[in-house]
Every structure is written in C-alpha cells, then in structure tokens.
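Okay, thanks for coming, everyone.

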There are 2 protein chains.
Amino acid sequence: MSMELENVLIAKQVNPTAVRLLVLEYLLKQKAAISLSDLETELHRADRVTLYRTLKTFEEKGIIHTIKDGTEVTKYALCQDECNNGLHSDMHIHFYCTNCKELYCLPKVQIPKLNLPDDFNLQEMSLVARGICKNCKK
Amino acid sequence: MSMELENVLIAKQVNPTAVRLLVLEYLLKQKAAISLSDLETELHRADRVTLYRTLKTFEEKGIIHTIKDGTEVTKYALCQDECNNGLHSDMHIHFYCTNCKELYCLPKVQIPKLNLPDDFNLQEMSLVARGICKNCKK
DNA sequence: TTGGTGATGCAACTCAATTGCATTCATTTT
DNA sequence: AAAATGAATGCAATTGAGTTGCATCACCAA
Ligand SMILES: [Mn+2]
Ligand SMILES: [Mn+2]
Ligand SMILES: [Zn+2]
Ligand SMILES: [Zn+2]
C-alpha cells in the first residue's frame, strides 16, 4: 500500500482504507475496463458488497466512471482528467472487442459532432464502437 | 387483424399467429421504442414469456431491432430498412429523453465518422444521445 | 476508556432476462 | 375422421446483476 495510492484517494476525499487501496491498485494495473465480478475474483478476501460500494464511492468521488457497453454487466475504469464529486468531465468513446470481450477507453479519439434536429436538446452521448482490438488483430 | 399485418410477417418468414399480429400492430403504433414490460401491460392477455419469445423471433427475422440505451431494460423498435434473418442493416443513432424517459430512433441523423487508430478494426457502433426530446422541449 | 462515525460483512431481496417442460393449436398424413 | 407432427403458448422456476437492511467492526476523538 504505497503512499502514492493513499494520496490519490485523499485528494479525492475518499478515506484510504485497505480494501479501497487494493481496488485502486487493481484499477491502475488494468488496460481495459473491469466488472464487479472481475474485482471479486481478484480480491477474493473482500466481500462482494464492499467492492460494490467501493466502486460506487469511487464513481461518486470522480475516481472512476461507469460504462454500459451493451453487455449484461456494468464496467468501470479510472477517469482520465479531473473529475470530482459526480461531475464527470472525461467524456470519451469506448471500444468493445468482440473477440476478447474487453472494453477499452479511447480518450484520444475525437468525439464526433452530431447533427441532431433543432428540436432535440443534446446533453450528453455515449458511443460504444465494436470490432476487433489491436491485440486481437495481429 | 388486417391482411396487411399478416403479409408483413409472412414476408419475414414468421408464422402470423394472433399474439404476433397483436405485437406487430402495437409496434407499428409506437413513436418510441418499447420494452417487454410495455408490451406486457398492453397485451395483458398474453403471457410474458410468449411476448418475450415473440420479440426474440421478430429480432431474429429482421422485423425489429433491440436497443440497450443504458437503462436497465432492453428496448425494441421496428427496423427501418430491409433487415432479414438477424442481419440488421438499419444502423442509426438513438435519442434517450431524460425527461419523458422515451427512447427514439433517429434514422435520419447521419452516423458520424470515427477516427479510430489504425490498429482497431471497427465493425459497428452504438450511439445513444441523451437530452430533452422535442415533445418535452416546448 | 469510551463514544461515535464510517467501513465492512452477511443475508436477503428486486427485477429483467432466460430456460424447462407440459399443454394447446394448427396443419399434414394416414 | 382420426392420428401424428411440429410449432406456439402458458406456467413454474432459475439465473445473475444490482441493490438494500442491518449487525458488527475498526478507527479516531474526546
Ligand atoms: Mn472510459
Ligand atoms: Mn432504432
Ligand atoms: Zn480484443
Ligand atoms: Zn421527452
């Protein structure tokens, strides 16, 4: 449990408990978004509900964001920019690989403009691209 | 149960039973996508599972498409173009109104181009816009 | 040391989606 | 007309993710 990790949580106004540090550490290692089940498998010592509430807290405090990718399970990934207290400013698209079933955040891909009819008031959008990821393509 | 409806089903190779005709009739009346619960409420005589399987059949035969809009329930709407046997060619975006909670198909809105890195092989994308619909805006 | 607050664990519940199986219905075959 | 066949339907039950309630535990302050 490094000091680094603790400071991340403290900066986000989250009490750095043992479970939370482990969850954060795991999240930092990931290249793709994770599910609650993933977390459960990794941290088998902690209770499922505790992990669930940890994710909820992280999300509320702007540490992670949730992604509904069209599969049956919700995914979670670390936020890129500065998100705080439920205000998520890290809008970006996601890529779901139909081969390895992994979901990747693509913060560098420009979010496309939408030409909606004038009578629709756009507030936000979620874009999930599907296909083959770079790892599976080779 | 008009002849028209029957022919729609027959053209899609679906046996035009009473329940199926009622489901199709209901779908045709809708301006927004529906859920299984909606259908259950409307056709209270038919069993939930029958309605569920009807939707599945319709989807397989290219009569409707399913939409996961990020809410907890799956939505269904009639296909626009010619879709057949699970091959859905009616790619379009969807608009979820945060006020009336309705989900609208927007087949006329151009699907934006994505500038993915070369090492990602894009096959399809799902885009759900969220905001206020034209009915709620007035 | 004690009191209080937040974190955790365990049990139970909700709800959409799904499956198994028996029954009914429609159509064809004998 | 009766029997057989396969599809469609209804009912019961299960799955699995997500969620809530409540008791207990850990930690810090008074
Ligand atoms: Mn992301
Ligand atoms: Mn649609
Ligand atoms: Zn992949
Ligand atoms: Zn609306």
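Helices (H or I, at least four residues) and strands (E, at least two) are DSSP runs, numbered from the N terminus.

Mind you, this is a predicted model, with local features needing pLDDT of at least 70 and side-chain atom pairs counting only at pLDDT 80 or more, while totals for chains, interfaces and linings use all residues. Residues are numbered from 1 along each chain as its sequence is written, chains are lettered from A in the order written, and side-chain values use heavy atoms, without hydrogens or water.

So, chain A. Helix 2 (residues 18–29) and helix 4 (residues 48–60) of chain A have axes that come within 10 Å and cross at roughly 70°. That makes the two roughly perpendicular, a label for angles of 65 to 115 degrees. On helix 2 of chain A the contact (heavy atoms within 4.5 Å) includes Val19(A), Arg20(A) and Leu27(A), and on helix 4 of chain A it includes Thr50(A) and Phe58(A).

Over in chain B, the axes of helix 2 (residues 18–29) and helix 4 (residues 48–60) also come within 10 Å, crossing at roughly 70°.

Now, which residues have the most contacts inside the largest nonpolar core? They're Phe95, Leu114 and Leu116, in both A and B, and the core has 28 residues. By core I mean buried (under 20% relative accessible area, 1.4 Å probe, protein chains only) Ala, Val, Leu, Ile, Met, Phe, Trp, Tyr and Cys joined through side-chain atoms within 4.5 Å. Leu116(B), for one, touches Ile93(A), Phe95(A), Leu106(A), Val109(A) and Leu122(B), leaving aside residues up to four places away in sequence.

Methods:
Axes fitted to C-alpha atoms, helices over the stretch in contact; angles between N-to-C directions. Parallel < 35°, antiparallel > 145°, perpendicular 65-115°, else oblique. Buried < 20%, exposed > 50% of the residue type's maximum accessible area, 1.4 Å probe, protein only.
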